[in-house]
Structures are given as structure tokens and as C-alpha cells.
Amino acid sequence: MEEFSVTIKPLTPIWTGDANGKSSTLRETGIIGSLRWWYEALIRGLGGYACDPTDESLRCKLEHDKFNMALKSGKTMSEALNDQICQACQLFGCTGWSRKFKLEIETLEKSSAPFVIEEIPNARFPYFLGYYDTSEKAKEYVNNGGLMGKYKLRFIIEDANKVDLLKNLFTLASSWGIGAGVQKGFGVVDVEEKLELSNTTFPQQAESEYIDPYTVPLPRLDQFFFYKIPINPNFINQILKLIGSSSYKSIKDLKDKEPLGEEVFSSYPYLPTSPWVRNKIRSLFRDKFKNNQVLRHLLMGFISNKNIKPIHKDCWEHSIEKDKKDGEKYYCEVCKKGNITKDQIIEKTGSKIFVSHIYNKNAYKNNQEPKWEMRIWGWLPEIPKKINVSRKEIKQLLQVKFKDEDFWKQTFGFIENPVLIESIQEKWDLDPTLLINNRGVFYE
């Protein structure tokens, strides 16, 4: 057994929800899930195969009879495992094969961020940042916005050869987003210890049979982009006032126009700005590609409801209706096709673009001036041809807009630009081997 420990302090709240939808404690499963997600993306980016553990028909499963027969035939354990389960499952476990490390979490200091409802100009709906307690109790409002505090994570690993691999994955996950709700601005942490890493070998596996990426939309790191966007410190008070005047603790307060006020966030290392930036990015796709009603939902995430209909993967329009002749199937008003089954539609998909809140990166460093920044990153897959928009067009749009002063003025409704454009750090279509060579970091 080998082990290592790290101590983390959230710069933006961490969310590891429980069965009731709350995040009252830092849960091991939430951290492990993040590490696995990054490992899967890395494996795919290196040309290997990683299954989708959320899809019962695609997740790996180890059949022990088959495994034992492979060993008896002279195959090594690694070869016998490769015949049945992907590299991610070999480390993180699957049916028939246990996870090869243990994570223990010790709460050193516990505190929580406040739940808020943010009303953004021109947004169709308000943004809920955390768990909304319908009883509207004051104490629940204070505690339901995610976890702050200080936590010690202890990794206990069966195979000494996997120690640096897990260190690499933790470095990557903690740098960009750990836990759930990353698309809502959560999950950026400060790590007290500098992890010592040696050269890491990332096992690869031959690709499996081709899987349509829109049947199973799976992230791959060579299609990722990463931005660190520094904020002019002279604008922090102005942003704080904006947030304070647009944030509410309940629906009643929202209707009565009784905002929280700027003092609520004056003592936190972050300002809950993610909804403002996400709303502006979504509007880019709506305004630039006016004739397409699918693209922004595909990239920014959606759940089918009365306002957003499922995507028909044959015509790629939000026009699927329940088939009146068969309630288990669907009818497309665009292509006039009926008898559409569940496997021919997309009812929901998560966001592929993630925006952190603005945070003070020096919040836990003694005697250092505050440095405020945000992170925008994500996965930009190839776009289905029938949408008539190329990945290259979207990439060019984001590259131009993220360095456009008017974009940032309009995002917050300011007369002047609050972003230090010349200091923005940007990476697109990263070669995953850089993460291996640079020990999980590609820029400071």
C-alpha cells in the first residue's frame, strides 16, 4: 500500500450532493467521480477507449469465468483485464472489479456558502446556485450554497505504480473543477501541498468499435479549451454591488425585489458571477446562429421540458412531440417522421462549457495582494453536419469574443471593461501528452 495526502480550501464552493440534493458534507464519491471523469477524458484524448459508466448498456463489466480462462491460456493479468474492461474501470472499478484505491476525507474546518437566486437581465429564468429550501428558513439559506472550509484528503493506493497517476489526476481536477456543479461556478480549490511527481505512464488501450458521439457524447481532452481570465481589481467593488443587487435568498424576495445586498459576499473569496458569463455565452450562440435552435442547448446543456423539446438526431431540430398514436414514441414536426424511439432522441445533456465564479486566487496566501480571476473551459466536440455549423466556426467565435472588451462590458452591463484582456491565458485542443510531461499542469 502507498498513500499521499493533500489539504484543500475551496476558492469557490464545492458541491458533492447527497440523495436529498443537499451538500452538507464533502463526500468521497463526489471527488472520486471527478477524478474518473478527467481520467476518461484523458484516455480518449490519447486515442484510447474509456467506457461511459453512466450508461448501463455501455459500462464495463468483468466476467470472472472469462477472466480466469484468459489467465489460464497464458495471458497476463493486464492483458486479461484489457480484454474486458477499460483502463478507467481498471483503476476506478466496475461490476466485478473493485476500485484500486481508497479515499478518506477529514473535515478540518467546516463552513458553507449561502444559497442564492440570481436574476440576470435578459435571461429567461433566474439561476439557482445551490439547494433551494422551500421552507425559506434563514439558516437553510445560509448553509445550502455549497461547502467552504478546509479538508484533508488521504489517498490509499494498492499499486505503487498508480500513485503518480492519481496525483496527476488530482492536480488536473483541482485546478479546473472538482465535485459537481462545475458549470455553475463551483469546484475551484486551493491546494496547500505541492505534490511531488515523477514521470507518469498513462496506460492506453486500443479503441473499441466506433460509437456515434451523439449517441454517447463523451469528452476527450484533445478537444478541450482552457482560459484563465484575470479581473481588474479596480472593478471588484463594482461587481460586488452588481451581485448584491441581483441576488436573492428566496422566490418571495425575488418577486418583492428585496435583494441580499453586497455585504453578503464581502467576506468570501469568490463572487457568484458564473450565471452572468454563462448567460452571455449562450446569447452568443443564439445571436450568431439565429437559424439554429439546437446548438446552444447542445453546448450549454438542457433538460427537456415544456419550453425545450428533445433533439431528434435525424433532423437535429427541437420539434419532437409525443406521438398521439403511441405514447412511448415521438413525432417530428420538421421532417414529418413518426415512430421515433427513445434511442433516436436526446432528452437531456450536460453543459460542455464550464464557467467558474470570479475568485481571489491569493485568498489563503499570507501577505499577498488579492488577485481576482475566473476560469472558462470545456469540451468542444465535432458538430453534426445537419446543424450546418462547424466546430471551427464556434472555436473562432469564442476566441474572438473572450478577448473582446465589448463582450465583457455587455456581460456585466458596465461602461468600462473589467477584464485584463492582455493577460488572458488561453489553450485550445491541448495535446494530452503535455499533461503527462508537465505533471498535470500546462500553465501556472
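User: At roughly what angle do the axes of helix H9 and helix H12 cross, and within what distance do they come?
Analyst: In this predicted model, the axes of H9 (residues 274–288) and H12 (residues 405–412) cross at roughly 120° and come within 9 Å. H9 is therefore oblique to H12.

User: Is the crossing right-handed or left-handed?
Analyst: The crossing of H9 with H12 is right-handed.

User: Which residues make the contact?
Analyst: H9 contributes Trp276, Val277, Lys280, Ile281 and Leu284, while H12 contributes Phe407, Trp408, Gln410, Thr411 and Phe412. By class, 7 of the contact residues are nonpolar, 2 are polar and 1 is charged.

User: Turning to the largest nonpolar core, how many residues does it have?
Analyst: That core has 62 residues, and those with the most contacts inside it are Ile281, Phe285, Ile376, Ile394, Leu398 and Trp408.

User: What does Ile376 touch?
Analyst: Leaving out residues up to four places away in sequence, Ile376 touches several residues, including Val277, Ile281, Phe402 and Trp408. Phe225, Phe226 and Tyr227 are also among them.

User: What other core lies apart from it?
Analyst: Another core, of 58 residues, lies apart from the largest one; Phe4, Cys89, Ala173 and Val189 are among its members.

User: New topic: what is phi of Lys257, and where is that residue found?
Analyst: Phi of Lys257 is near 55°, a positive value in a residue other than glycine. Lys257 is in the loop between helix H8 (251–256) and strand E9 (270–271), and is partly exposed, with a relative accessible area of 48%.

User: And where is Lys336?
Analyst: Lys336 sits in the loop between strand E13 (326–332) and strand E14 (337–340). Its phi is near 55°, a positive value, and Lys336 is exposed because its relative accessible area is 59%, over the 50% cut-off.

How values were computed. Residues numbered from 1 in each chain as written. Predicted model: local features only at pLDDT ≥ 70, side-chain atom pairs only at ≥ 80, totals over all residues. Heavy atoms only, no water. Axes fitted to C-alpha atoms, helices over the stretch in contact; angles between N-to-C directions. Helix = DSSP H or I, 4+ residues; strand = E, 2+ residues; numbered from the N terminus. Parallel < 35°, antiparallel > 145°, perpendicular 65-115°, else oblique. Left-handed = near helix turned anticlockwise from the far one by under 90°. Contact = heavy atoms within 4.5 Å. Nonpolar A, V, L, I, M, F, W, Y, C, P; charged D, E, K, R; others polar. Core = buried A, V, L, I, M, F, W, Y, C linked by side-chain atoms within 4.5 Å. Buried < 20%, exposed > 50% of the residue type's maximum accessible area, 1.4 Å probe, protein only.
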